[in-house]
Amino acid sequence: MTQAPVDRRRLRGEESRRAVLSHAVDTATVDGLDGLTIGRLADASGYSKSGIATLFGSKEQLQLAVVASAREVFVDRVVAPARARTPRGLVRICALLSDWLDYSRDRVFSGGCFFAATSVEFDAKRGAVRDAIVAASGEWEDYLTVSIEHAMAAGELPLLDDARQLTFEMVSFLEAANTRSLLHASVEPYARAEAALRARLTSLGADPALVASIGATSA
């Protein structure tokens, strides 16, 4: 069977796009999505302004590509590892929370969690970029809620009657740790968030031995 010829120009374009996006996502967590400019990305990535403009077209298309890239990184660092190593239920919830805290604490992006940063930037704005941020953040919260519902169905959270409420509380703890750690240049907020998450789950009847895994690898 004859193999189709490799389109080397297309491969180079995809490689260039990935390289520029890597710089752009990191920059956006510090300077905001609206702080992205073709000139700054050209300086940071080593590509020409015209080359970057060709890759993305408009600033909005660049911003949308950055949101999509950040979502992929988040899934790869938080959701996929937890799914791969844990069964459904409380143990997966603990893994998701631990992986989120590590993702922020390890500064995968210089400005901490991409979505925590850009949600504040775009919360009062309208348009396609805000919609993309809302959709990606919603996917994470929906997945966390479904994981909580599995734990409820298995009897692992016997005192909980509202999975969405617990999701709200958990996300609040996580994002507070992210913001305070950046603001005070300290890892202490992560330890406090871990303690708060363990206490909340235990108060709902969770097995303390399982809940103790939250933050255990960072100790």
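Leaving aside neighbours within four places in sequence, which residues is Arg71 in contact with? In this predicted model, Arg71 is in contact with Phe115, Ala136 and Glu139, where contact means heavy atoms within 4.5 Å. Arg71 lies in helix α4 and, at 34% relative accessibility, counts as partly exposed.

Residues are numbered from 1 along each chain as its sequence is written, and side-chain values use heavy atoms, with hydrogens and water left out. Because the model is predicted, local features need pLDDT of at least 70 and side-chain atom pairs count only at pLDDT 80 or more, while totals for chains, interfaces and linings use all residues.

Seen as a whole, the protein chain has ten helices and zero strands. Helices (H or I, at least four residues) and strands (E, at least two) are DSSP runs, numbered from the N terminus. Read from the N terminus on, the elements run α-α-α-α-α-α-α-α-α-α. The C-alpha atoms fill a box of roughly 60 × 55 × 35 Å along the principal axes. Of the 219 residues, 41% count as buried. Among contacts with a separation of 6 or more, 65% come from residues 24 or more positions apart.

Helix α4 covers residues 59–85, and Ser69 has its place there. Ser69 is buried, with a relative accessible area of 16%.

Next comes helix α5, residues 90–105. How do its 16 residues compare with the span they should have? At 1.5 Å a residue they should span 22 Å, and the end C-alpha atoms are 22 Å apart, which agrees; the expected span is 1.5 Å times one less than the number of residues. Of the 16 residues of α5, 15 are buried, so this helix is largely enclosed by the rest of the structure. After α5 comes Arg107, found in the loop between α5 and α6. Arg107 has a positive phi of about 50° although it is not a glycine, and at 27% relative accessibility it counts as partly exposed. Ala185 also has a positive phi of about 50° without being a glycine. Its place is in the loop between α8 and α9 (188–203), and at 74% relative accessibility Ala185 counts as exposed.

How many disulfides does a search of the whole structure find? The search finds zero, a disulfide being a pair of cysteine sulfur atoms within 2.5 Å. For Cys94, the closest cysteine sulfur is in Cys113, 20 Å away, which is too far for a bond. Cys94 counts as buried at 1% relative accessibility, and Cys113 counts as buried at 3%.

Helix α7 is the place of Thr145, which is buried with a relative accessible area of 5%. Apart from residues up to four places away in sequence, Thr145 touches Ala163, Arg164 and Thr167.

Finally, the surface can be searched for open spaces. Rolling a probe the size of a water molecule over the atoms shows where empty space is left. On a 1 Å grid over the protein atoms alone, a pocket is an open set of points where a 1.4 Å probe fits, with protein on both sides within 12 Å along at least five of seven lines, and lining residues have an atom within 4 Å of a point. The largest pocket has a volume of about 610 Å³, a volume being the space filled by probe spheres set on the points, which are joined across faces, edges and corners. This pocket is lined by 30 residues, of which Phe115, Ala116, Ser119, Ser137 and Glu175 lie nearest its centre. Helices α4, α6 (114–122), α7 (128–153) and α8 (163–184) each supply at least two residues of the lining. The most comes from α7, with ten residues. By class, the lining has 17 nonpolar, six polar and seven charged residues. Here Ala, Val, Leu, Ile, Met, Phe, Trp, Tyr, Cys and Pro count as nonpolar, Asp, Glu, Lys and Arg as charged, and the others, Gly among them, as polar.

Technical notes:
Buried < 20%, exposed > 50% of the residue type's maximum accessible area, 1.4 Å probe, protein only.
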